[in-house]
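Here are a few notes from my pass through the backbone and the helices. Have a look with the structure open beside you.

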Amino acid sequence: MDSPALPRRRDFLQTTGLGLIGWPALQSFFGSTGSALAQSSAAPATAAAGATTLPQLNRFPRMMQDWLVTEVRAAEQRGNARREALKTKVDAEAYVKSVQQRIRDCFGPLPEKTPLNAKVTKTLEREGYRIENIVFESRPGYLVTGNLYLPTAAKGKVPGVIGVCGHSLNGKAAEAYQSFAQGLARQGQACFLIDPVGQGERFQYLNEKLGSRLGGGTSEHNQMGVPQALVGEFLGTWFVWDGIRALDYLITRPEIDTKHLGITGNSGGGTQTTWLCGMEPRFTMGAPSCFVTTFRRDAENELPQDMEQCPPRVLAQDLDHCDFLAAMAPKPVIILAQEKDFFDNRGSTESYERLKKLYTLLGKPENIQLHIGPDPHGYTQSNREAMYKFFGKATGVPAAAAEPALVIEKDEELLCTPKGQVAESGSRTLMSFTREKAEALAAKRKPLSGEALRKAVREVLRLPALAETAPDYRILRSVGQRKYPTKGYCTYAVETEPSVFALVTRLSDEALTSRLPRGQSKAVLYISHRSADAELRSDPFVKALMAAAPDAAFFACDVRGMGDSQPDTCGANQFLGRYGSHYFYAAFSQMLDRPLPGQRAHDVLRVLQLLAAAGHTEVHLAGQGWGALPAAFAALLSPEVKQVTLKHALTSFHELAIHEDQQWPAAVMVPQVLQHFDLPDCYADLQTRECNLSLIEPWTAADGMK
């Protein structure tokens with residue numbers, strides 16, 4: 001099923017459901033075509049030529065990183081406290097059950113098992129082993145490709161291992177992954193090595209040459225994985241399910257000894273191995289390579305990872321990498337790390353030490369091991385040999401003293417499909433499932449309004465209760481002439497929660513270096529798209545807002561992580577990168593169960609509290625682009641807001657879920673939102689509350705990175 005084309009603005013009614021409100025109301029949403037606001041330029045100031053005449057202010061570039069480290073350390077301390085409280089075998093057994101349940105809570109319910117419809121499409125006979133090329137359905141119509149390496153000299157049944165691949169473009173055909181699968185088979189253990197989605201024969205975004213039009217691997221993973229959150233799905237669960245169904249197939253084979261079932265993989269495959277240790281109790285041994293460390297080390301080292309490597313709510317559940325391995329304790333597990341890896345092996349050692357205590361309490365200290373190879377990131381020979389030896393001891397099938405000589409197959413020999421891509425064999429795409437679920441949720445979701453909507457918004461955004469008193473703030477020293485529309489200005493760092501600031505600039509016709517002025521009941525609060533500093537200088541929308549309310553105090557706000565607090569982490573100039581800092585904090589925020597849109601809405605609500613305390617009882621709240629989202633949520637929840645204007649606001653979350661090429665960042669995704677409400681509910685409620693809502697030039701799924 002093809003993805004629908006990315007929508008045009010005129011398709012807004014049909015795709016969001018706002019058509020139910022009625023055309024007259026929608027005309028008021030979009031603003032009068034003759035108004036100055038509606039006629040303001042479509043391009044935000046960050047794209048305008050004038051915005052580059054001065055460097056964008058960024059006085060708090062480490063704020064988000066400092067906040068993240070504080071939160072992740074707190075989660076680690078809570079987890080360590082649980083682990084340190086274990087004193088007896090009974091305590092340890094209860095802990096294992098606890099982590100199993102908490103992991104399942106993070107990964108969500110698994111689908112029902114359906115027929116695998118497995119087919120062997122080709123067999124390669126080799127000396128001492130053979131390779132069978134296999135296709136099966138992990139879900140109806142959703143094809144998985146894999147190579148089954150089977151020993152041919154063994155007498156009787158042999159141990160079976162599921163092999164999962166890291167982020168190799170050619171998936172199971174990558175030399176390192178062929179090597180460990182073949183090495184196992186040459187030493188008497190079977191290995192079923194499968195392609196991950198988005199790699200090998202499972203590209204989801206095909207071009208005309210049957211390659212990936214996104215580049216495959218990590219780029220496909222995040223493009224398909226980011227919007228899954230909207231419908232309550234997690235990409236890691238899809239990886240896990242493929243591994244579970246691969247195991248279902250493996251144990252149907254008469255050659256396999258089902259008393260000995262292993263799982264191993266490297267890098268992204270190390271991730272899958274770790275998650276599968278936590279989710280699949282039939283595995284009897286595990287060997288994750290080049291992944292296991294601690295979430296704190298990843299956060300402190302500013303290491304962004306794929307969406308499937310960031311389980312939702314995992315840190316809120318006080319879980320760490322070690323806990324996924326603890327879930328199968330006291331079964332044999334070896335952590336494979338590398339001395340020169342970017343996955344910090346200090347964390348690997350910390351995970352091992354935590355598990356050593358648990359395994360000792362369970363009476364099996366010998367079943368947990370750590371091997372740190374001498375190499376950079378990768379499933380190199382040293383680590384493969386450590387895995388062979390460990391699995392050999394666990395199964396009673398001794399490994400050779402050294403890895404046997406290997407013969408690496410050409411990629412085409414290992415293809416399971418006629419043209420080398422499952423899409424050409426009629427496979428559904430992962431995105432089609434996301435779209436299907438979004439449509440099903442839309443069909444059964446009832447419109448929300450009033451207090452029911454506000455309650456849902458608070459819960460889904462994970463908004464904390466607002467303090468009864470207005471927030472404190474710092475008065476920042478002037479940085480000189482910024483070419484703003486007024487002669488004077490002052491920026492206030494409003495502390496919306498401990499050590500987190502919304503940067504609010506108050507324009508003034510005279511010099512301003514003191515606390516917030518009082519005496520005006522009317523105020524305009526503008527929430528920037530990317531930078532209040534740049535947009536104050538040259539954005540026509542800002543100028544129109546000011547011109548429309550000459551008797552109102554004017555404030556421009558950067559919520560956390562934007563503009564004056566845009567992070568400079570995760571490498572140089574990486575804010576907007578696919579794995580840049582904006583993505584990094586969005587992903588970790590989902591792991592903390594504090595979605596970034598909720599954090600930013602909280603910032604706006606706290607600023608509104610501050611304005612109310614300064615006497616501003618009639619607030620016109622305006623937002624643009626990315627800033628329109630927290631502005632809309634805050635407007636729903638704040639009694640101070642009397643008028644709302646949103647330019648380039650996202651039309652609906654539903655659009656992002658149904659369009660496979662959607663262009664909005666992870667930072668706007670609200671987990672599970674479409675199970676409860678959508679943005680048209682919010683816009684309709686604001687309209688019925690007589691907030692004088694205007695939606696100007698709304699942005700659709702294609703527009704989110706402008």
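Predicted model: local features only at pLDDT ≥ 70, side-chain atom pairs only at ≥ 80, totals over all residues.

1. An α-helix has 3.6 residues a turn, so residues three or four places apart point the same way.

2. Next, the pair α19 (residues 628–637) and α21 (residues 679–688): their axes come within 10 Å and cross at roughly 50 degrees. Angles from 65 to 115 degrees would count as roughly perpendicular and those under 35 as roughly parallel, so α19 and α21 are oblique to each other. The crossing of α19 past α21 is left-handed. On the α19 side, L629, A632, F633, A635 and L636 make the contact, and on the α21 side L679, C682, Y683, D685 and L686 do. By class that gives 9 nonpolar, no polar and 1 charged residues.

3. Most residues other than glycine have a negative phi, and most peptide bonds are trans. A329 and P330, however, are joined by a cis peptide bond, with omega about 5 degrees. P330 belongs to the loop between α10 (321–326) and β8 (333–340).

4. Two non-glycine residues have positive phi: S267, near 60 degrees, and N573, about 55 degrees. S267 sits in the loop between β6 (256–266) and α8 (268–279), and N573 in the loop between β14 (553–558) and α17 (581–591). Buried or exposed? S267 is buried, at 10% relative accessible area, whereas N573 is exposed, at 82%.

Methods. Residues numbered from 1 in each chain as written. Heavy atoms only, no water. Axes fitted to C-alpha atoms, helices over the stretch in contact; angles between N-to-C directions. Helix = DSSP H or I, 4+ residues; strand = E, 2+ residues; numbered from the N terminus. Parallel < 35°, antiparallel > 145°, perpendicular 65-115°, else oblique. Left-handed = near helix turned anticlockwise from the far one by under 90°. Contact = heavy atoms within 4.5 Å. Nonpolar A, V, L, I, M, F, W, Y, C, P; charged D, E, K, R; others polar. Buried < 20%, exposed > 50% of the residue type's maximum accessible area, 1.4 Å probe, protein only.
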